[in-house]
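Keep the sequence and the model at hand as you read.

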Amino acid sequence: MKTMLLSFKPDVFKSICSGEKIFEHRRVFPNEPIEAYIYISRPVQAIGGIVRLGNKVNISKWKQTYSHDPEAVKRIDKYLDHYSVAMEIQRFQNTTQIPLSEVKKFFPNFLIPQMYYYLDGNPLLTYLQENLKPVGEPVIHRFDNIKSNMICIH
């Protein structure tokens, strides 16, 4: 399993924390399970939270799967304007947060991910593993009964 740093806006991060957001949508994503540390953008500007992503789906396939629901097809078409794939958010663990200013003290060349980048082999990964502490219980999603009202939202 590869490890990456993903960037999210604070409202998206909040919907991951609450368990409302169960899929992550992107133009491109790897074909394997991912563990991702989360960079929360302005105004928070901190790294906090870890998601496990898996089972990549081509969003266009959902059009056929959920063709019986015109509202779902409409949402799918809207998402296809910006995204190609979705990955299941299988697990989310909230953590303490490390502010951007703190990260930059140890890693002056740190770049905020525009989309994502891999952390494997990067000293930042060890730093995050050593300094982020779990907060609360993990949010675990099951995907054995996905309904049309659960896709292409958030």
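The residues that line the largest pocket divide into seven nonpolar, six polar and seven charged. Here Ala, Val, Leu, Ile, Met, Phe, Trp, Tyr, Cys and Pro count as nonpolar, Asp, Glu, Lys and Arg as charged, and the others, Gly among them, as polar.

A word on the model: it is predicted, with local features needing pLDDT of at least 70 and side-chain atom pairs pLDDT 80 or more, while totals for chains, interfaces and linings use all residues. Residues are numbered from 1 along each chain as its sequence is written, and side-chain values use heavy atoms, with hydrogens and water left out.

The largest pocket holds about 540 Å³ of space. Of its 20 lining residues, S7, E24, H25, R26 and Y83 are the closest to the centre. Strand 2 gives the most to this lining, with three residues.

On a 1 Å grid over the protein atoms alone, a cavity is a set of points where a 1.4 Å probe fits but cannot get out, whereas a pocket is an open set with protein on both sides within 12 Å along at least five of seven lines; lining residues have an atom within 4 Å of a point. Grid points are joined across faces, edges and corners, and a volume is the space filled by probe spheres set on the points. Helices (H or I, at least four residues) and strands (E, at least two) are DSSP runs, numbered from the N terminus.

There is one cavity of 30 Å³ or more, and the largest cavity has a volume of about 40 Å³. Among the residues lining the largest cavity are F23, H25, C152 and H154.

What about the rings? Rings of Phe, Tyr and Trp (its six-membered ring) pair if their centres lie within 6.5 Å; planes under 30 degrees apart count as stacked, over 60 as edge-to-face and the rest as tilted.

| Pair | Centre distance | Plane angle | Type |
|---|---|---|---|
| F23 and W62 | 5.0 Å | 70° | edge-to-face |
| F106 and Y127 | 5.2 Å | 40° | tilted |

F23 in strand 2 and W62 in helix 2 are 39 residues apart. F23 counts as buried (under 20% relative accessible area, with exposed over 50% and partly exposed in between; 1.4 Å probe, protein chains only), because its relative accessibility is 4%. W62 is also buried, at 6%. Together with F143, F23 and W62 form one aromatic cluster.
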